[in-house]
Amino acid sequence: MFSSTASSISKMSALVSGVGTDAAIYDDPQDADIPTLLDSRYDADKAQGLKRLIALMAQGQDVSTFFPQVVKGVASQSLEVKKLVYIYLVHYADKRPDEALLSINSFQRDLSDINPLVRAWALRAMSGIKVRAVGPLVIMAANKCARDPSPYVRRCAANAVSKIHSMGDEQHFDELVQLVSILLNDNYPGVAGAAAQAFISVCPERYSLLSSSFRKLCGLLYEADEWGQISLMDILMRYIVAKYGVVRDFSSVNVEFSCLQQAHEENGGDFYKADTRSSFPDERWEVRLMLSSTLSLLRSQNSAVVLQAAVIHWYFSPGNELSNIVKPLLFLLRSSLDARHVVLANILSFSKCEPSLFEAYFEDFFICSSDSQAIQALKLDILTNIVSDLSATQILQELEAYIRNPNSQLAADAVNSIGRCALRLSSTVAICTKGLLKLVVSRSSRDDDSLHNANDAEPKVGDSGREQYSPGRGRVVVQAVSSLRAIMQKHPAEQDQVILHLLRNLNHILEPTAREVVIWMIGEQAIARPALAEGIPVALRYLAKTFANESNGTKLQVLNCLAKIISSSQRCSSLKTVLLILQYILDLAACDLNYDVRDRAWILRVLLAGHLDAIKHHSSYDADPRLPEIIDAILLNIDQSKLDPGVLSKAANSMFLRQKSVPVLPSLSLQPSTFLPGSMSHMVQHKSPGYRPLPRERYTDLSPSSPTLPERQPELQSQSESTDSGSESFESEDDGNYTDDDLAVISDADGNTAKEKADLISLSDTELLKRDASPEDLSPSVDLESWLGPEEPSNSPEDFDKSSNSEVKKVLALDFTNGDGLEVHYGFMRGPSIFSSSMVCVRLFLHNKSSEPMHGIEINDGETAGRQTAFESGTARIIPPEAVALEPGEKTELNAHVDFRHNLSIVKVCLHCNSNKFPIKISPEPGVLLRPRKMSISVFLAAEARIAGMHRSSRRIYLHGISPGQCCKRIVAAARVSFIGSRDAEDVVLLFGAETLTGSLLCLISVALEPDAVHGTLTICCEDTLFGLALLNHLDKALTSLESIDS
C-alpha cells in the first residue's frame, strides 16, 4: 500500500514538474504513434510528432524513414512546425537528396513570407541542404535575402554564403564575392560580424573589398556580437598588414619593417603625430582608427576578444601606448584554467620580445596551489624573462619557496629558473651560485641518509650495480648541478669555489645524472685551475673505487675525464697517480658488461697512445723509473708500429680539449612559437587546419580607386641583334612597373601590316618593327622577353621541362601529424611526361620528420598488395614512382605520372609506409591540363572568331594596377600557355594560346587591360565549355590575388 502510494506521488511530481516543457518526450520518444501524429491535420499533433522524431535523432537513432511524411509539413502555417521541419530536413538532406528537392519550392515561397523569422529559417534550411543541384537556387535566395529589410535575415544570408562556399562549387565564386561585398557595407553590427566570417571563408585575400567599408566596420566593431568582433578584428588587422606592414617586429611573423617603420623614422620617432585625413594614401589614419576602435574591446568579457584586441595593439601601437594591453591580459588570468593557459602562452611570447611591459607586475605570475603543471611552467618562464635588478630579490625568494614544495617537478623547475636568472642578470650570480651549492649539499646528504637508514633494508641493485632511486629523488639535485655548470661556464670567476664544494660532496651525490655532470666539470675545468690540482688525485681514487658500481653514463664520463687529464698532462703534478688509476679503470672497463663502456675503453687506449708515448720519452719524467712500465702496461696488446703518435695526439686534443660553448638551460614550457599570437597554431606549435599567416606587406593602394602607376619606358635592343646572338635575349630595364603606354600594337586583325604607334611604345631601335614585316616574322617569345626580363624562360614545350623545382607550387597532401611523422607535398611540373604526352608529371616532396627510419614508401590504389607499375584511380591513370626509404630528417623527391583524362576531379591514391596506409588526394588545376600552342596573331583571331557562343566566357576583373609584364608572368605561371602577342585595340589586349592534353582542344586566352591600369577583361575561348569556365576561375584567382608571384 505504501509502495503504491509512493509510486503515485512520484509520477504526480514528475507530471507537475514537466508541465509546460517537453522534457518527458526524451524519456520515451516512441511512447506515441509517430506516423499518426505526423499525418494529423492539427498542427499541435504534428509538432508533437516532430518533437519525438528530433528526440530520437538526439539519441542517435535513424528516423530517415519518416522523410516523406515530414516534407509535407513544410507547407504548414505554424511557426513551430516549420522550424521543426527545417531542422529535420537539414539533418537528413544528405541521405535523401532527391526527396529533399521536393521541398525547395516551399522554401522559395517562404522567402517571400511577411514574417522575417520564416524568411530566415527558409534560407538557413536551403543553405543547409548540401546538394549541388540546388546551388544556383540557394545563391539566388542568398542574393535576395542580402537586401532584405530585416537585419536578422541579412545576417542569415551572410551565414549562408559560407555554407554555399563549403560545397566546393567554384562556378559561382564571383557571385559569392559580390554578396560578401554587399554584406560588408551593411549598417547593422550583427550582419557585419557574419559578413566578416563569410569574407574569411570565401575570399580571405580580397582586401580591396575592405577599403570602402573600413571606416564603417571600425564603427560597428564595438556593437557586434563577441564572435563577430573576433572575425572583424582579424580581417581589419590583415588589411592593415597587407597595406602598410607592421610597426613592431616579432619572431612569429615573417613580415619585414615597411612603410609604417619608415614613416615612424620620418616623423622623428612619432609615427602617429600626423593624424590628418585630408588625403590618401599619404597619411595612415586607418591604423589609428583601428587602434581606437579596438581599445574598448580590451575590457570585453570574452577572453578571445581581449586576446585578439591585444594582438592588434601589439603589432600597431606605438611604444608609449603598448602598455594598454598589460592589465587586460593580467585580468584574464582570473578566468578559467584553459583560458589562463592560452593567455599565459601569449604573454610568454610578448615578454620574450618586450620584457619591460610586465616587469612591474611580476607578482601576478607567482604560482598558486590550483595551477596545473603546464601553467606553472609558463609562469616560471615568464618570471625568468621579466626578472630585473629591482625584482630579482623577491623573485628569487619566491623561487626558493617553490624548492621546498613536495612536488619534485615544481622544485626542479624552480631550480632551473634560478639558474636562468643568474645567466640573465650578472648581479645575481653570486647569490644564485651560493644557494645552488647549498641545495646540492643539503639534498644530497638528505637522500644519502634516507637511503642508508630505510628500515635496514637491502638497496635494490640494477644492471650497473648501483642503487635504484625513485624518479623524483634526485631531480632537484640534477637540475641544480646542471645550472651550476651553465653558470660556471659563463662566469669563470666562480669556478674555483664551485669545483671545491662539488669535490668535497661527490660521495654524497648519488643521482647518476648529477654525478655525470660533476665528473664532466672536474675533467673540463679542474686541470686548468692550479688551486684545484691537489684534489684531482683524491677524486680519481674515489671514482676508481666506485667504478664497478657506477651507472653506464657515469662510467663513460669517468673515462672521458681521465682522457682530458692525460691530454693536458703537462699541467698535472700527480701524473704517476693518474696513470695508475687510468690503468686500473681501463682494465675494469675492458671487462664491463656494457659494450659501450668496453668500446670506449678500447678507443681511449688507442687515442691516448700519442700522449702516453710523449710522456714516456719526456726528459722530466726520467727520475721516476716506473712511468715507462705503467705506460707499457696501458698500451699492452696495441701494435704501436702502425700508429702515428702525432696524429693520435692531435685527434685527442681536438676531441677532449676543444673550447666548449656555454650551454643553454632549456625552457620549461614550449619554445616561443613561430606562429601568429592568439591562434591555435601558436599553442600547439605546428600549423593547424585553417591557419593563415599574416599577408605580406604591399606597397600599392588597395582601394578600387588606386592611382595609376608611374610610367617607365623599356629599352629594347633591335631584333637584328637578337637574331645574330642566337640564344641571347633582349636586355631591358624592366622592374615590373609598366603602364599601357609601354606596349606596342604589333599587327592589325588581318595580319598584313605591323602598325607602329609612337604613343604606345618607345623603341631604342626602329628596325624592330619593319613596315613590311608579317606577324609570323615577329617572335612572340621576343615580345614576351621584352616585358618579363632577360631571364624569363620561353614558353615552348621543350623548355618547360627545364624549369627549376623552385617554380613548383607545393600543396600539402599529408601532414606529419597525420602521417606518423611523414609529411608529403605535391606540385605539378611544367615539362611534359616521359611516358605520354597526355600525362602530367606530379612531383612528390617527402620529408621524414620523425625520429625513426621509414621503409617501403610507395603509392598504389590501396586495394592491390605489392608493387604496381600502373593503376586506375577513378577516371585517372597513374604510373607511380619506385619505392624509397627515408632516414630520420631526410627529404626526397619523387615523380608520379598521371593522366587526368581531361577531368578536374580529385584523384585519390594510397601511400604505404612502414606497413601503414595514408590516403592522399591530388587536386588537378586547369592550367596543368594544357600544353602551349604557338600561332600567329592572324590565326589566333580567326580561331577566336570561330569559337563563339557558349564556348566563350569572359569576366571583368580587378588587377590591382599590375603592369602588362606582370600580367603575362602570372598567366604563364598559372597555366601552360604560349604568349602570342598583343593586338590593335582601344585597350591593350594580351593573347595566349594553348590546347588540352587530352583531345588537343584549342584554348584561347585574351586579357584586355583598361587605360586606368586597374581593371581588365579576361576572356576564355575553349571548345570544352566546362573546362573553359574552370580555367576562367583559375586565371581570375591568379590575376586578382595579392600574393605576387613575380621573381
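A pocket is defined here as an open set of grid points with protein on both sides within 12 Å along at least five of seven lines. In this predicted model, the second largest pocket has a volume of about 760 Å³. Its lining comprises 24 residues, and those nearest the centre of the pocket are Asp234, Gly678, Ser679, Met680 and Gly690. At least two lining residues come from each of α13 (189-202), α16 (226-244), α19 (303-316) and α36 (680-684), with α16 giving the most, 6 residues. By class, the lining of this pocket consists of 13 nonpolar, 8 polar and 3 charged residues.

The structure contains 13 aromatic pairs. One of them, formed by Phe67 and Tyr88, is tilted, with 5.9 Å between the ring centres and 45 degrees between the planes. This pair links distant parts of the chain, as Phe67 belongs to helix α5 (residues 67-71) and Tyr88 to helix α6 (residues 79-92), 21 residues apart. Phe67 is buried, with a relative accessible area of 0%, and Tyr88 is likewise buried, at 1%. The rings of Phe828 and Phe900 have planes at 65 degrees and centres 6.2 Å apart; the pair is therefore edge-to-face. Phe828 lies in strand β2 (residues 822-832) and Phe900 in the loop between β8 (891-899) and β9 (907-913), 72 residues apart. Phe828 counts as buried at 11% relative accessibility, as does Phe900 at 2%. Phe67 and Tyr88 also form one aromatic cluster with Tyr92.

Charged side chains were found over aromatic rings as well. The charged end of Arg215 sits over the ring of Trp285, 4.3 Å from the ring centre, and Lys555 lies over the face of Phe547, at 5.8 Å from the ring centre.

Key:
Residues numbered from 1 in each chain as written. Predicted model: local features only at pLDDT ≥ 70, side-chain atom pairs only at ≥ 80, totals over all residues. Heavy atoms only, no water. 1 Å grid on protein atoms, 1.4 Å probe; cavity = no way out; pocket = protein on both sides within 12 Å on 5 of 7 lines; lining within 4 Å. Points joined across faces, edges and corners; volume = space filled by probe spheres on them. Helix = DSSP H or I, 4+ residues; strand = E, 2+ residues; numbered from the N terminus. Nonpolar A, V, L, I, M, F, W, Y, C, P; charged D, E, K, R; others polar. Phe/Tyr/Trp six-rings, centres within 6.5 Å; stacked < 30°, edge-to-face > 60°. Buried < 20%, exposed > 50% of the residue type's maximum accessible area, 1.4 Å probe, protein only. Lys NZ or Arg CZ within 6 Å of the ring centre and 35° of its normal.
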